[in-house]
Amino acid sequence: MAINFRKTVFKGVAAKLDQCPNDQLPEIVMSGRSNVGKSSLINALAGQSKLARVSNTPGKTRMVIYFEVDERFYLTDLPGYGYAKVSKEVKAGFSELVDQYLSAGRPIVMVMHLMDIRHKPSAHDMQMISWLSSSGTPWRIVLTKSDKLSRQQINKQVQELRKVPGMKEASQPLLFSALNRQGLTEVRETIAEVFDDIPVEND
Ligand SMILES: Nc1nc2c(ncn2[C@@H]2O[C@H](COP(=O)(O)OP(=O)(O)OP(=O)(O)O)[C@@H](O)[C@H]2O)c(=O)[nH]1
Ligand SMILES: [Mg+2]
(Lines give C-alpha, C1' and ligand atoms only; values in the text may rest on other atoms or scores of the structure.)
(Ligands and ions follow the chains in the order given, each with its own letter.)
Protein backbone atom coordinates (compact mmCIF):
# COMPACT_ATOMS: atom_id res chain seq x y z
CA MET A 1 0.00 0.00 0.00
CA ALA A 2 1.24 3.48 -0.87
CA ILE A 3 3.13 5.29 1.90
CA ASN A 4 1.15 8.03 3.61
CA PHE A 5 3.75 10.56 4.80
CA ARG A 6 1.03 12.55 6.52
CA LYS A 7 0.74 9.71 9.01
CA THR A 8 4.01 10.68 10.68
CA VAL A 9 4.22 10.75 14.44
CA PHE A 10 6.92 11.63 16.95
CA LYS A 11 8.16 8.44 18.56
CA GLY A 12 10.87 9.44 20.98
CA VAL A 13 14.45 10.53 21.55
CA ALA A 14 17.67 8.80 22.45
CA ALA A 15 20.82 10.34 23.89
CA LYS A 16 22.72 7.06 23.75
CA LEU A 17 22.72 4.03 21.52
CA ASP A 18 21.17 1.81 24.17
CA GLN A 19 18.13 4.12 24.29
CA CYS A 20 17.37 3.72 20.58
CA PRO A 21 14.36 1.63 19.59
CA ASN A 22 15.13 -2.01 18.96
CA ASP A 23 11.92 -3.00 17.23
CA GLN A 24 13.83 -3.47 13.95
CA LEU A 25 11.60 -1.03 12.06
CA PRO A 26 13.69 0.16 9.08
CA GLU A 27 15.23 3.62 9.32
CA ILE A 28 15.74 6.41 6.85
CA VAL A 29 18.46 8.49 8.48
CA MET A 30 18.73 12.26 8.03
CA SER A 31 22.22 13.54 8.68
CA GLY A 32 23.98 16.84 8.13
CA ARG A 33 25.38 19.80 9.96
CA SER A 34 23.39 21.85 12.35
CA ASN A 35 21.08 24.39 10.70
CA VAL A 36 21.16 22.58 7.34
CA GLY A 37 17.40 21.99 7.46
CA LYS A 38 16.90 18.40 8.71
CA SER A 39 13.91 19.26 10.91
CA SER A 40 12.42 21.44 8.15
CA LEU A 41 12.69 18.55 5.68
CA ILE A 42 11.00 16.16 8.10
CA ASN A 43 8.16 18.64 8.67
CA ALA A 44 7.73 19.10 4.92
CA LEU A 45 7.70 15.34 4.29
CA ALA A 46 5.06 14.90 6.99
CA GLY A 47 3.09 17.93 5.84
CA GLN A 48 3.06 19.11 9.46
CA SER A 49 4.69 22.40 10.28
CA LYS A 50 5.30 21.76 13.98
CA LEU A 51 6.30 18.13 14.14
CA ALA A 52 10.07 18.52 14.33
CA ARG A 53 11.43 21.58 16.07
CA VAL A 54 12.89 24.09 13.63
CA SER A 55 15.37 26.35 15.31
CA ASN A 56 17.18 29.56 14.65
CA THR A 57 19.63 28.56 17.33
CA PRO A 58 21.73 25.90 15.67
CA GLY A 59 22.96 22.97 17.66
CA LYS A 60 19.78 22.56 19.71
CA THR A 61 19.18 19.00 18.63
CA ARG A 62 21.58 16.91 20.70
CA MET A 63 19.76 13.66 20.58
CA VAL A 64 18.61 11.19 17.99
CA ILE A 65 14.93 11.85 17.30
CA TYR A 66 12.56 9.26 15.86
CA PHE A 67 9.51 9.90 13.74
CA GLU A 68 7.44 6.94 12.61
CA VAL A 69 5.93 7.17 9.14
CA ASP A 70 2.72 5.30 8.38
CA GLU A 71 3.69 2.61 10.90
CA ARG A 72 6.27 1.40 8.37
CA PHE A 73 9.62 3.03 9.04
CA TYR A 74 11.41 5.64 11.07
CA LEU A 75 12.69 8.96 9.89
CA THR A 76 15.71 9.38 12.13
CA ASP A 77 16.88 12.91 12.85
CA LEU A 78 20.54 12.72 13.81
CA PRO A 79 22.12 15.49 15.91
CA GLY A 80 23.54 18.30 13.80
CA TYR A 81 27.31 18.41 14.03
CA GLY A 82 29.83 21.12 13.45
CA TYR A 83 28.24 24.27 14.73
CA ALA A 84 30.99 26.71 15.68
CA LYS A 85 29.43 27.85 18.94
CA VAL A 86 29.44 24.51 20.66
CA SER A 87 32.62 23.53 22.46
CA LYS A 88 35.16 21.12 20.98
CA GLU A 89 34.11 18.48 23.50
CA VAL A 90 30.44 18.77 22.63
CA LYS A 91 31.35 18.71 18.93
CA ALA A 92 33.41 15.54 19.39
CA GLY A 93 30.47 14.03 21.27
CA PHE A 94 28.14 14.75 18.35
CA SER A 95 30.27 13.20 15.68
CA GLU A 96 31.08 10.24 17.90
CA LEU A 97 27.36 9.58 18.29
CA VAL A 98 26.85 9.88 14.52
CA ASP A 99 29.80 7.55 13.79
CA GLN A 100 28.63 5.04 16.35
CA TYR A 101 25.10 5.30 15.11
CA LEU A 102 25.97 4.49 11.53
CA SER A 103 28.22 1.58 12.50
CA ALA A 104 25.97 0.01 15.12
CA GLY A 105 24.28 -2.48 12.82
CA ARG A 106 20.93 -0.71 13.06
CA PRO A 107 18.34 -1.44 10.32
CA ILE A 108 19.30 1.64 8.28
CA VAL A 109 17.91 1.30 4.76
CA MET A 110 18.99 4.71 3.48
CA VAL A 111 21.00 7.72 4.62
CA MET A 112 20.00 11.13 3.36
CA HIS A 113 22.93 13.45 3.90
CA LEU A 114 21.81 17.06 3.78
CA MET A 115 24.06 19.89 2.63
CA ASP A 116 23.21 23.59 2.31
CA ILE A 117 23.36 24.30 -1.41
CA ARG A 118 25.09 27.63 -0.80
CA HIS A 119 28.12 26.17 0.92
CA LYS A 120 31.12 24.14 -0.17
CA PRO A 121 31.19 20.63 1.29
CA SER A 122 32.83 20.80 4.73
CA ALA A 123 35.55 18.41 5.89
CA HIS A 124 32.83 16.52 7.69
CA ASP A 125 30.65 16.32 4.55
CA MET A 126 33.65 14.91 2.66
CA GLN A 127 34.25 12.37 5.42
CA MET A 128 30.60 11.43 5.37
CA ILE A 129 30.52 11.02 1.57
CA SER A 130 33.66 8.92 1.65
CA TRP A 131 32.24 6.76 4.42
CA LEU A 132 28.86 6.39 2.73
CA SER A 133 30.33 5.54 -0.65
CA SER A 134 32.08 2.52 0.82
CA SER A 135 29.38 1.55 3.31
CA GLY A 136 27.07 -0.50 1.12
CA THR A 137 24.08 1.40 2.54
CA PRO A 138 22.00 3.23 -0.07
CA TRP A 139 22.46 6.97 0.32
CA ARG A 140 21.57 10.26 -1.33
CA ILE A 141 22.74 13.83 -0.97
CA VAL A 142 19.96 16.37 -0.46
CA LEU A 143 20.96 19.94 -1.28
CA THR A 144 18.79 22.11 0.96
CA LYS A 145 17.60 25.73 0.78
CA SER A 146 17.49 25.66 -3.04
CA ASP A 147 15.28 28.76 -2.89
CA LYS A 148 18.36 30.77 -1.94
CA LEU A 149 20.12 30.39 -5.30
CA SER A 150 19.37 30.97 -8.98
CA ARG A 151 19.18 28.07 -11.41
CA GLN A 152 22.61 28.99 -12.74
CA GLN A 153 24.17 29.11 -9.27
CA ILE A 154 22.53 25.78 -8.44
CA ASN A 155 24.08 24.15 -11.53
CA LYS A 156 27.48 25.48 -10.54
CA GLN A 157 27.19 24.08 -7.01
CA VAL A 158 26.07 20.70 -8.36
CA GLN A 159 29.10 20.62 -10.71
CA GLU A 160 31.43 21.38 -7.77
CA LEU A 161 29.84 18.66 -5.71
CA ARG A 162 30.51 16.10 -8.46
CA LYS A 163 34.25 16.61 -7.91
CA VAL A 164 34.07 15.37 -4.33
CA PRO A 165 35.64 11.90 -4.03
CA GLY A 166 32.92 9.28 -3.63
CA MET A 167 30.22 11.41 -5.23
CA LYS A 168 30.33 9.58 -8.53
CA GLU A 169 29.06 6.46 -6.81
CA ALA A 170 25.92 8.36 -5.81
CA SER A 171 23.26 9.32 -8.23
CA GLN A 172 22.24 12.90 -8.83
CA PRO A 173 21.82 14.97 -5.65
CA LEU A 174 18.24 15.87 -4.78
CA LEU A 175 17.40 19.57 -4.64
CA PHE A 176 15.09 20.65 -1.87
CA SER A 177 13.48 23.77 -0.47
CA ALA A 178 11.29 23.74 2.62
CA LEU A 179 10.21 27.24 1.66
CA ASN A 180 8.75 26.59 -1.80
CA ARG A 181 8.66 22.77 -1.59
CA GLN A 182 10.88 22.25 -4.60
CA GLY A 183 11.92 18.59 -4.61
CA LEU A 184 9.43 17.46 -1.98
CA THR A 185 7.74 14.93 -4.26
CA GLU A 186 11.13 13.62 -5.38
CA VAL A 187 12.38 13.13 -1.82
CA ARG A 188 9.16 11.29 -0.93
CA GLU A 189 9.48 9.13 -4.04
CA THR A 190 13.13 8.38 -3.29
CA ILE A 191 12.20 7.18 0.19
CA ALA A 192 9.18 5.20 -1.05
CA GLU A 193 11.34 3.47 -3.70
CA VAL A 194 13.43 1.93 -0.93
CA PHE A 195 10.27 0.02 0.00
CA ASP A 196 9.29 -0.66 -3.63
CA ASP A 197 6.37 1.65 -3.10
CA ILE A 198 5.00 5.07 -3.99
CA PRO A 199 3.83 7.98 -1.82
CA VAL A 200 0.14 8.75 -1.32
CA GLU A 201 -0.63 12.01 -3.11
CA ASN A 202 -2.65 13.92 -0.58
CA ASP A 203 -1.20 17.44 -0.37
N1 LIG B 1 15.19 29.69 2.98
C2 LIG B 1 15.15 28.48 3.54
N3 LIG B 1 15.39 28.35 4.87
C4 LIG B 1 15.36 27.10 5.41
C5 LIG B 1 15.10 25.95 4.61
N6 LIG B 1 15.17 24.86 5.40
C7 LIG B 1 15.45 25.32 6.64
N8 LIG B 1 15.56 26.67 6.66
C9 LIG B 1 15.87 27.51 7.85
O10 LIG B 1 17.13 27.12 8.39
C11 LIG B 1 17.11 27.14 9.82
C12 LIG B 1 17.49 25.77 10.39
O13 LIG B 1 16.52 24.81 9.98
P14 LIG B 1 16.32 23.44 10.81
O15 LIG B 1 15.34 22.63 10.03
O16 LIG B 1 16.01 23.72 12.23
O17 LIG B 1 17.79 22.80 10.70
P18 LIG B 1 18.36 21.48 11.42
O19 LIG B 1 19.27 20.81 10.45
O20 LIG B 1 17.24 20.66 11.93
O21 LIG B 1 19.22 22.09 12.61
P22 LIG B 1 19.65 21.36 14.00
O23 LIG B 1 18.42 20.77 14.59
O24 LIG B 1 20.26 22.47 14.81
O25 LIG B 1 20.66 20.31 13.64
C26 LIG B 1 15.70 27.61 10.21
O27 LIG B 1 15.74 28.99 10.45
C28 LIG B 1 14.87 27.26 8.98
O29 LIG B 1 13.72 28.09 8.84
C30 LIG B 1 14.85 26.14 3.20
O31 LIG B 1 14.63 25.21 2.41
N32 LIG B 1 14.89 27.43 2.73
MG1 LIG C 1 16.78 19.94 13.85
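Trainee: Two strands pair if DSSP finds at least two bridges between them. With that settled, which residue of E4 stands opposite valine 69?

Mentor: Phenylalanine 73 of E4 stands opposite valine 69. Please keep in mind that this is a predicted model.

Trainee: How many bridges join E3 to E4, and do they run parallel or antiparallel?

Mentor: Five bridges join E3 to strand E4, residues 73-77, and the two strands run antiparallel. They form a hairpin with three residues between the strands, and aspartate 70 there takes a positive phi near 50°.

Trainee: Which strand is joined to E3 by six bridges?

Mentor: That is strand E1, residues 8-14, which runs antiparallel to E3, residues 64-69. As one of the bridge partners, tyrosine 66 in E3 faces glycine 12.

Trainee: What is the order of the strands in the sheet?

Mentor: The order is E1-E3-E4-E2-E5-E6-E7, in an open sheet of seven strands with mixed pairing. E1 and E7 are the edge strands, each pairing on one side only.

Trainee: In what sense does E7 pair with E6?

Mentor: E6 and E7 pair in the parallel sense, over two bridges. Valine 142 stands opposite leucine 174 of E7.

Trainee: Now the helices. How many helices are in the protein chain?

Mentor: The protein chain has five helices, along with seven strands. Along the sequence, the pattern is β-β-α-β-β-α-β-α-β-α-β-α. As for placement on the sheet, helix H3, residues 123-133, lies across E2, E5 and E6 and runs at about 155° to E5.

Trainee: Which residues of H5 are buried?

Mentor: In helix H5, residues 184-194, the buried residues are Leu184, Val187, Arg188 and Ile191. Viewed down the helix axis, they fall within an arc of 100°, so they line one face of H5.

Trainee: Why would residues three or four places apart point the same way?

Mentor: An α-helix has 3.6 residues a turn, so positions three or four apart point the same way.

Trainee: What covers the buried residues of H5?

Mentor: The cover includes strands E2 (27-31), E5 (108-116), E6 (139-144) and E7 (174-175), and also helix H1 (38-46).

Trainee: What follows H5?

Mentor: H5 is followed by aspartate 196, with a positive phi near 55°. Aspartate 196 is not a glycine, and it counts as exposed because it has 6 C-beta neighbours inside 10 Å, where exposed means 12 or fewer.

Trainee: Is lysine 145 buried or exposed?

Mentor: Lysine 145 is buried, with 21 other C-beta atoms within 10 Å; the cut-off for buried is 20 or more.

Trainee: Let us change topic to the core. Which residues have the most contacts inside the largest nonpolar core?

Mentor: They are Met30, Leu41, Ile42, Leu45, Leu75, Val142 and Leu143, in a core of 41 residues. H1 gives the largest share of this core, five residues.

Trainee: What is isoleucine 42 in contact with?

Mentor: Beyond its neighbours within four places in sequence, isoleucine 42 is in contact with Met30, Leu51, Ala52, Phe67, Leu75 and Asp77.

Trainee: One more residue: what does isoleucine 154 touch?

Mentor: Isoleucine 154 is found in helix H4. Not counting residues up to four places away in sequence, it touches Ile117, Ser146, Leu149 and Leu175. Isoleucine 154 and isoleucine 117 are 37 residues apart in sequence, with 7.2 Å between their C-alpha atoms. Isoleucine 154 counts as partly exposed, with 17 C-beta neighbours inside 10 Å.

Trainee: And the chain as a whole: what share of the residues count as buried?

Mentor: Of the 203 residues of the protein chain, 37% count as buried. Among contacts with a separation of 6 or more, 74% are between residues 24 or more positions apart.

Note on methods
Residues are numbered from 1 along each chain as its sequence is written. Chains are lettered from A and ligands numbered from 1 in the order in which they are written. This is a predicted model: local features need pLDDT of at least 70, side-chain atom pairs count only at pLDDT 80 or more; totals for chains, interfaces and linings use all residues. Helices (H or I, at least four residues) and strands (E, at least two) are DSSP runs, numbered from the N terminus. The arc is that of the directions from the helix axis to the C-beta atoms. Two residues are in contact if their C-beta atoms, placed from the backbone, lie within 7 Å. Axes are lines fitted to C-alpha atoms, for helices over the stretch in contact, and angles run from 0 to 180 degrees between N-to-C directions. A nonpolar core is a set of buried Ala, Val, Leu, Ile, Met, Phe, Trp, Tyr and Cys residues joined through C-beta atoms within 7 Å.
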